[in-house]
Amino acid sequence: MREVYFYGTCLVDLFFPDAGMAGIQLLREAGLKVIFPDGQTCCGQPAFNCGYWEEAREVARAQVALFPRDLPVILPSGSCAGMMKNHYPELFHGQPDEAQVRAFSGRVYELTQFLVDVLQVQLKDLGEPVKVTWHSSCHAVRDLGLKGQPQALLGQLAHVELAPLAREHECCGFGGTFSVRQPEISGAMSCDKAADAEATGASVLLSTDGGCLLNVNGTLEAKRSPLRVQHIAEFLWERTHAR
Amino acid sequence: MHAEREILFRESAAAALLDPQLRANFRRAMDGLISKRQAQFPDPRDLQELRDLSTAIRSRSLLRLPELLEQLEASCTKNGIQVHWAETCEQANALILGLLRTRGAKTLVKGKSMVSEEMHLNAFLEANGVEAIESDLGEYIIQLDGETPSHIIMPAIHKNKDQIARQFSQKIKDAKYTEDVDELTAMARKVLRQKFLEADAGLSGVNFAVAETGTLCLVENEGNGRMSTHVPPLHIAVMGLEKVVADLESVAPLYAILTRSATGQAVSTYFNLITGPRGADEKDGPQEVHLVILDNGRSRIYADPELRATLRCIRCGACMNHCPVYTRVGGHAYEAVYPGPIGKILTPQMEGVGVRHDLVHGSSLCGACGEVCPVEIPIPEILVRLRREATHSDPGSNVAGKGTGRLAAEDWTWRLWAAVLKRPALYRLATWFATRLGDALPAGAPLLRDWTRTRTKPVPARRSLSERMRSEGGSHD
C-alpha cells in the first residue's frame, strides 16, 4: 500500500481537529496508508514572518526531523504548505542541513492539491442540496500557487452550488500576527469579508486554511450571523459519507 | 508586542477607518482602477510575458546602473541638458534654488513629481521666496488645501467630486459652485493656463531617462507636463537615480506596462520625449534644461542584492490599488511620501527601518501587491526581510537603522515560542491545557483583547488532532 505523511498544522491541531481527521480519512479512502508522526507542532511561519528566523529555524528543524522517509507530506493548509515548500529553503539557506530541508520541501503538498493533482480522486455527493461560498486563502493561491484544485473538488459534488464572493481574492484580514498587531485594519478587513460572504446567500463558507476560518468565523459569530465556516476537508468528507 | 514604534501607522490607520467618506472614496476609486487594469490584460500569458520583459529590462538597467548614469550624463550634456548630482534632498533643494535665484525666477510651475515631494521642495521654495504652483489637476486640488498626495499617481483620490466642488467654490477666486466635472476641470485649467504663461521656470519629474540618447521621458494625461517643460524659459527635471534605462528600445515595454498597470490606459494622452533646450532654428521650448539626479538613500538600497529589487519600481501605483490595507485607510495614514506597499518597503529603507517599523508590520502579507507589480518586486518578501532587519543587526547588512527596532519583550516572546514549539513534550502540555481550559481565558487577556474587538474568542477543540491520533494508535511511523 502507498504511504503518505500527514502534517496537521498547529491551527488544525488545536482548533479544527475534525478537519484534520477528515483529511486523513479522505486520503485513507483513496487507498493510502497515512502516517501521522507524533510530536509535530508548528511550521514556524509566525516567527519567520516577524523576522525571527533563528527561532523559526529551530522549530522548523524539529518538524523536518519527523518526516525522514521519501514520502509525500500532506497538509490541510495552503499557508503552512507554502511556508514548508517555498520558505524553508530560504530559511535554511547556507545551513548545514539545507540539502535535507530542500528534499523535504520538495515533498510537501496541500491536501486538495494532492487529492486533485496526484490522486485524481472522484467524489460522489451524498448530501442535500446546499449553497456554499469559497474563500481563497492568499497564501494558498499567491504563495503556494493553488490553481483551482478546491473548486475542482467542489465541482464534483452534484448538489453543491458554489456562490462566489464579491472579492474572492481579497485578504480576509487574518495575516497571523497582523490580526493582533493591527487589530483595527484587520478587523475592518474581516468585517468586509464577513459581509461579502453573507451577501452570497450561502449557508457555509469554505476554505483550505484554518487561520482564515478562525478569523471569518469569529467575525461572523460576533455579528450573530447564521452563516458558518468549515474547512474544505471536513466538508468533502461529510458530503461523501451518509450521516 | 505593541511598541511605540508601531503606534504611528496603527493609530493613523485606525483614525482613517472611522471616516466613512474616505473609505467609500478609496474603495470606489480602487475598484475602478482594478477593473480598468484587468481589462487591459485580458490574457494572463500576455501579461506575464510583458512583466517578465519589463522586469528583465529594469533588472538589467540596475545591474549596469553606475555605467548607465555616466552615459546618461554624457548624452544629456551633449544634448545641452545640464546634469547635477545630489546625494541628499537638502542638496537637491539648494541646487534648484540656486538655479532659480541666478536667473531671478520667482515662480515655478510644476508638473507632477514624486521626487519633489520626497524633497519637500514646495515648502522649501516657499520659505525662500519662490512660489511653486502644482499644475497636475490632482496636485493642484491638494495644494489648494495644503495637503500631500494620498496616491502616487492620483494625488487627490481621497476626495470625491462633491468635496472638490465645495473646495473650488471656496478657494478659487470668482468661482461659482458646480458639481459638473468638466466645469470644475475648466476652472482649474483657466487658473493654470495663466500660471504657465507667467511662470519663470518649470519643473517636472522623469519616468525614464535614456542613457544612450540623453532623452527624458515624461508620461502624463493632462498636457500640464508638456506646458511645464515647454513654456517657461527654464526647465528643471528631477529624478531618482534608479530611473535610467539603457536605450529607447527599453522604454516601449515599460511605457506599455506602466500606463496599463497605473490607470488601465493602453497609452497616456501625452508622452513627452525631452531631448534638450530650444534649438537655434526652433520657435519654442525652454532656453535651458537642467536635470537633477537624486540619491537620497538609493545607493544604499542598491548595494544590497535582494533589496535592490525595490529600485525596479516604475511608480505605477498598482500595488496600492490592489492593497486591502491601502484601500481601507488611504494614503495619508502612512505618514510617508510614498504610501501603500511600495511605500512600506521604500520609506523604512530611506528613513530607517527602526523608526518606521510600524510600516513593515502594517501588512497581512497577502501578496496582492507582488502579484500585480509590473516589475515583479517581491514586496512581501522584502517586508519580511525588513522586519528582520528592524530587530536584528546582521553585520553584513547595509540597511539604514538596522536592529534599532528591537524590543526585549518581543525577543522573549519569540524565544519562549520557540522553546515550547521545538519540544513536543512542552507543546503537548501547552495544548493539553488549552483544550481543557477551553474558553476559560478572559477576553481581556493580552492579544485576545485585540482579537476580540471585532470577533468572538477562538475556542480550542476539546481534544487536539495529535491527541486523537495518539489514542487511535497505529498511524505512527
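# A tour of chains A and B

Begin in chain B by selecting Lys161(B), Ile164(B), Ala165(B) and Phe168(B) of helix α9(B), which meet Val181(B), Leu184(B) and Met187(B) of helix α10(B). Two residues are in contact if their C-beta atoms, placed from the backbone, lie within 7 Å. Helices (H or I, at least four residues) and strands (E, at least two) are DSSP runs, numbered from the N terminus.

This is a predicted model, in which local features need pLDDT of at least 70 and side-chain atom pairs count only at pLDDT 80 or more, while totals for chains, interfaces and linings use all residues. Residues are numbered from 1 along each chain as its sequence is written, and chains are lettered from A and ligands numbered from 1 in the order in which they are written.

Angles under 35 degrees count as roughly parallel, over 145 as roughly antiparallel, 65 to 115 as roughly perpendicular and the rest as oblique.

Viewed at the crossing, α9(B) passes α10(B) in a left-handed manner; a crossing is left-handed if the near helix is turned anticlockwise from the far one by less than a right angle, and right-handed if clockwise. Colouring the contact of α9(B) with α10(B) by class gives six nonpolar residues, no polar residues and one charged residue. In this scheme Ala, Val, Leu, Ile, Met, Phe, Trp, Tyr, Cys and Pro count as nonpolar, Asp, Glu, Lys and Arg as charged, and the others, Gly among them, as polar.

## A loop residue in chain B

Next, select Asn296(B), in the loop between β10 (288-294) and α13 (298-302) of chain B. Is Asn296(B) buried or exposed? Asn296(B) counts as buried because it has 20 C-beta neighbours inside 10 Å. A residue is buried if 20 or more other C-beta atoms lie within 10 Å of its own, exposed if 12 or fewer, and partly exposed in between. The phi of Asn296(B) is near 45°, a positive value in a residue other than glycine. Most residues other than glycine have a negative phi.

## Chain B as a whole

The C-alpha trace of chain B spans about 90 × 55 × 45 Å along its principal axes, and 47% of its 477 residues count as buried.

## Where the chains meet

Select both sides of the contact between the chains: 54 residues come from chain A and 54 residues from chain B. Which helix gives the largest share of the side of chain A that touches chain B? Helix α11 (residues 183-199) of chain A does, with eight residues. That side of chain A divides into 28 nonpolar, 16 polar and 10 charged residues.

## Chain A

Chain A itself holds 13 helices and eight strands. Along its principal axes, the C-alpha trace of chain A spans about 55 × 45 × 25 Å. Of the 243 residues of chain A, 60% count as buried.

Select Thr9(A), in the loop between β1 (3-6) and α1 (10-14) of chain A. Thr9(A) has a phi near 75°, a positive value in a residue other than glycine, and is buried, with 29 other C-beta atoms within 10 Å.

Move to helix α5 (residues 78-91) and helix α6 (residues 98-105) of chain A, which pack at an angle of about 165° with their axes 8 Å apart. That angle makes α5(A) roughly antiparallel to α6(A). Met84(A), Lys85(A), Tyr88(A) and Pro89(A) of α5(A) make the contact with Val101(A), Arg102(A), Phe104(A) and Ser105(A) of α6(A). By class, this contact has five nonpolar, one polar and two charged residues.

Finish at helix α13 (residues 232-239) of chain A, where seven of its eight residues are buried. Among the buried residues are Phe235(A), Leu236(A) and Trp237(A). Their cover includes α2 (17-29), α7 (111-118) and β8 (228-231) of chain A.

Terms used:
Axes fitted to C-alpha atoms, helices over the stretch in contact; angles between N-to-C directions.
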